[in-house]
Amino acid sequence: MRASDRRTLVSRAEMALIGALAGLALWGLVEKAQDILTNPHLFLTVASAVAGFFTILLALCGPATSLRSATAAALLAIFAALLVGWSSLRFDSLEAFFSAGHLIFAWGVFLFVGTPFLAVWLANPQDTRSYVRLFDMSWGIVVRYSAAWLFVGVFWAVVFLSDALLQIVGVPLIENLLDIGLVPYVLSGFTLGLGLSVVYEMRDYVSPYLLLRLLRLLVPVMLVVVTIFVIAVVLRGSNELFGDLSPAATLLAVAIGMIALVSVALGKQDDDAVHFGWMRAASAMLALLLPVLGALAGYAVWLRVQQYGWTPARLSAATIAGFVGLYALAYAGSVVFRGEWMERIRQANIRVAGGILLISALWMTPILNIEAISSTSQVNRFLKGESDLESAPLWELAHAWGRPGQAALEHLAAQAPDGDGALKQAIAAAKRADNRYQFATAEAVALGQSSALRNLIRVFPDEAALRADMMDGVPDYRVNEWLALCRRQSNPGCVMVLDDFDSAQAGLEGVLLLPGRDGAFDAMSVWVEDGNLQLGSYLGGYGAGVVTRDQVREIVQGNYRLAPSSRKSLWIGDFELSPSN
């Protein structure tokens, strides 16, 4: 046997063994590890270290020796695993951690961006700033993994067909073998490693160039679509663009596609870039249009933050928009200054990739704890009166935003006025509810509509003057309407002043103040008769907004008095309000 053939067989066997060990490790993590590593944060750290190690190792082997690849893969994987394990401490359970999604995504981005840099460094530490080497290594890893996984898919198709064939003659050999739990994992890993080895051997034939050439054909298509979009925005204005639904996600996705296509069109060096002049011009035009898409996406995110405050999703979108903005400025600036504009874009790709690597790492540390940032933002908005019970993400604070969200919810409950039963009840319902829908309906289901409404109304001067059963006679349409109004705003929320306004009439009379339009409050006269709350008319008419929010807050703070006019009236400072029936 020739030496080259021997080396080939050894290399294939080595990669197949590494793949089999990866499959065995995955089986151990899925089937056994959770019984041993009972602490969820420790389990996540170990699992991510093992998964990251084998993923990186299989990508590095071939261009570098197995021993050097294993050492480098271990360093990067363990560092990333410690970061993701640290970030999981924000949550009480792995279910909540994975539901959040963004932290495991940051871990994946960190490994995905870091592996090509590591591969180039293993080959030659001096080349880590070489765009040619990074370009070749990055696309080479993508193509090798894609081809190897395709081989795995074909392998399993052959296995299942073979099993079906043997079943015809009553030989369940393959089925019995696959029933052994670890066998499918080991076989998949073995096949993947073997496939990666063969693809690397055939790297002169299975190269990324075919894929890159095909992707370049999309440059003029994308240019036409984006040009039409920009013209439409100019002619029709941006009002329709930023309506009830935020277009930020679509704009960012298109912008990322533009970045990828420009990079593909320019290749790793000028000799490798698109050759036709009109294709280079199309690539340059796409680069010049990128700031427009980036600016619109950033503005869409900014609008939602101004309207509704920070959330983890908006912080993630803002971060992506920030990187899109960096790409946009670098690409467009390179084209504007002409000269070696393609090389400037390539160097910008390296620098921005380094920034992505850094931010991905920081994302998993307390420096960029987006649950804490979001929770603080939402609580501050609520306490300032910029949001209300209907729009406040109470359930998300209790369940989706980890320990920072729970701490913020406790802070909000502690800051609530003693008489704010609506907020306290909503917080309690949010903690009990298993999902967002259950939270939205919890009060009505558990207490009944009238009781839920009663708990949302703050009564002065005596909270006990109005009982839940006294509202049973209120029409259902009124109850539903007022429930929506009272839930929409908690500070100050729905307020009722119930007192002896008319000494000539038995029972209590009063005024119910309900949140209306533009921050004003509508006022309805009410009275108690035979133990039931009776409704009068809206003072000044429905939707008149006869009382301001500040005046209602004065009532909550006790800054009001009952004083006679022709009969007693409610006086808020110098403002007089008289109930009538």
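What volume does the second largest pocket have? The volume of the second largest pocket is about 480 Å³, and that of the largest pocket is about 1,500 Å³. The model is predicted, so local features need pLDDT of at least 70 and side-chain atom pairs count only at pLDDT 80 or more, while totals for chains, interfaces and linings use all residues. Residues are numbered from 1 along each chain as its sequence is written, and side-chain values use heavy atoms, with hydrogens and water left out.

**Terms for pockets and elements**

- A pocket is an open set of points on a 1 Å grid over the protein atoms alone, where a 1.4 Å probe fits and protein lies on both sides within 12 Å along at least five of seven lines; lining residues have an atom within 4 Å of a point.
- Grid points are joined across faces, edges and corners, and a volume is the space filled by probe spheres set on the points.
- Helices (H or I, at least four residues) and strands (E, at least two) are DSSP runs, numbered from the N terminus.

**Largest pocket**

- The lining of the largest pocket comprises 43 residues, and V109, F112, V113, Y327 and I356 lie nearest its centre.
- Two or more lining residues come from each of α2 (40–60), α5 (102–123), α6 (131–168), α11 (248–266), α13 (312–336) and α14 (341–363).
- The element that gives the most to the lining of the largest pocket is α5, with eleven residues.
- This lining has 32 nonpolar, eleven polar and no charged residues, where Ala, Val, Leu, Ile, Met, Phe, Trp, Tyr, Cys and Pro count as nonpolar, Asp, Glu, Lys and Arg as charged, and the others, Gly among them, as polar.

**Second largest pocket**

- The second largest pocket is lined by 21 residues, with A22, L26, A51, F54 and T55 closest to its centre.
- At least two lining residues are supplied by each of α1 (3–36), α2, α6 and α8.
- The largest share of the lining of the second largest pocket is that of α1, at eight residues.
- By class, the lining of the second largest pocket has 15 nonpolar, six polar and no charged residues.

**Salt bridges**

- A salt bridge is a side-chain nitrogen of Lys or Arg within 4 Å of a carboxyl oxygen of Asp or Glu; by this rule there are 13 salt bridges.
- R403 and D92 form a salt bridge with an N to O distance of 2.6 Å. Because R403 lies in helix α17 (residues 402–415) and D92 in the loop between α3 (66–88) and α4 (94–100), the pair ties together parts that are 311 residues apart in sequence.
- Buried means under 20% relative accessible area, exposed over 50%, and partly exposed in between (1.4 Å probe, protein chains only). R403 is partly exposed at 38%, and D92 is partly exposed at 44%.
- D272 and R213 form a salt bridge at 3.8 Å, N to O. D272 is in the loop between α11 and α12 (277–308) and R213 is in helix α9 (residues 209–216), so the pair ties together parts 59 residues apart in sequence.
- D272 is buried at 10% relative accessibility, whereas R213 is partly exposed at 37%.
- R346 and D270 form a salt bridge at 2.9 Å, N to O. R346 belongs to helix α14 and D270 to the loop between α11 and α12, so this pair ties together parts 76 residues apart in sequence.
- R346 is buried at 1% relative accessibility, whereas D270 is partly exposed at 35%.

**Backbone features**

- Most residues other than glycine have a negative phi, and most peptide bonds are trans.
- R338, which is not a glycine, has a positive phi of about 50 degrees. R338 is in the loop between α13 and α14 and is exposed, with a relative accessible area of 62%.
- The peptide bond joining F460 and P461 is cis, with omega about 5 degrees. P461 is in the loop between β1 (457–460) and α21 (476–488).

**Helix residues**

- S197 is in helix α8 (residues 182–201) and is buried at 3% relative accessibility.
- Leaving aside residues up to four places away in sequence, S197 touches S11, R12 and M15, contact meaning heavy atoms within 4.5 Å.
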